[in-house]
Amino acid sequence: MAQGIFISFEGIDGAGKSSHVDALAQALRGQGRTVTVTREPGGTPLAEKLRALALHEPMDPLTEALLMFAARRDHLQQVIAPALDRGEVVLCDRFTDATFAYQGGGRGFDEAVLAQLERWVQQRPDGTLRQPDLTLLFEIAPTVAAQRLASARLPDRFESQPVAFFEAVAQGYARRVQGAPGRFACIAGDQPREAVWAAVQAAVRGRGWL
């Protein structure tokens, strides 16, 4: 059985990451891999209910963080870990880096508390943390992202935040990259779509997965 591969897609709202998830799934399936495409918060019936609460109901940052990790725990147990154990490729639209970026950076919540929650939720029996094998971080200026969101669907609690919030989110992502640089591939999200897709393929190909 082939070894499972876990790839996450990250970036501030409006960075354009989500449109490349399905394209990568198709490319990997074309090579005979079984691919599970999922998202966070969400990915299971329970986690999707928690997602709706987190995105639309007012709450304080601690409650928000707890909901994110509760959804993640169920998602890991029900979807991600079983798929990886079966040797599949898991493509996840956001994972824990988003919690550190949005709740830690954007909301200004204590990242030491987030790190403790990360250990509780993601620790495997051998003591290591379940993390993506590769994280594709789509980077874009918050002002450009705000312009994109302005013409999109009705915004949720996060998408409707001011530019200063997304600047803080981007700084939260930068801290995660500094903490685990080998896991991240940073992609300029303000390029033409074809160039962004080429960068995605190059990052995955560089790991020997395409």
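Helix α4 passes α5 in a right-handed crossing, that is, with the near helix turned clockwise from the far one by less than a right angle. The model is predicted, with local features needing pLDDT of at least 70, side-chain atom pairs counting only at pLDDT 80 or more, and totals for chains, interfaces and linings using all residues. Residues are numbered from 1 along each chain as its sequence is written, and side-chain values use heavy atoms, with hydrogens and water left out.

The two helices pack at an angle of about 155°, with their axes 10 Å apart, the axes being lines fitted to C-alpha atoms over the stretch in contact. This angle makes α4 roughly antiparallel to α5, a label used for angles over 145 degrees. The residues that meet, with contact meaning heavy atoms within 4.5 Å, are tabulated here.

| Helix | Range | Residues in the contact |
|---|---|---|
| α4 | residues 96-106 | Thr-96, Thr-99, Phe-100, Gln-103, Gly-104, Gly-105 |
| α5 | residues 111-122 | Glu-111, Leu-114, Ala-115, Glu-118, Gln-122 |

By class, this contact of α4 with α5 comprises 3 nonpolar, 6 polar and 2 charged residues, where Gly is counted among the polar ones.

Of the 11 residues in α4, 10 are buried, meaning under 20% relative accessible area with a 1.4 Å probe and protein chains only. The buried residues, among them Asp-97, Phe-100 and Tyr-102, pack against β1, α3 (61-85), α5, β4, α7 (163-179) and β5. Just after α4, Gly-108 adopts a positive phi of about 75°.

Definitions and conventions
Axes fitted to C-alpha atoms, helices over the stretch in contact; angles between N-to-C directions. Helix = DSSP H or I, 4+ residues; strand = E, 2+ residues; numbered from the N terminus. Parallel < 35°, antiparallel > 145°, perpendicular 65-115°, else oblique. Buried < 20%, exposed > 50% of the residue type's maximum accessible area, 1.4 Å probe, protein only.
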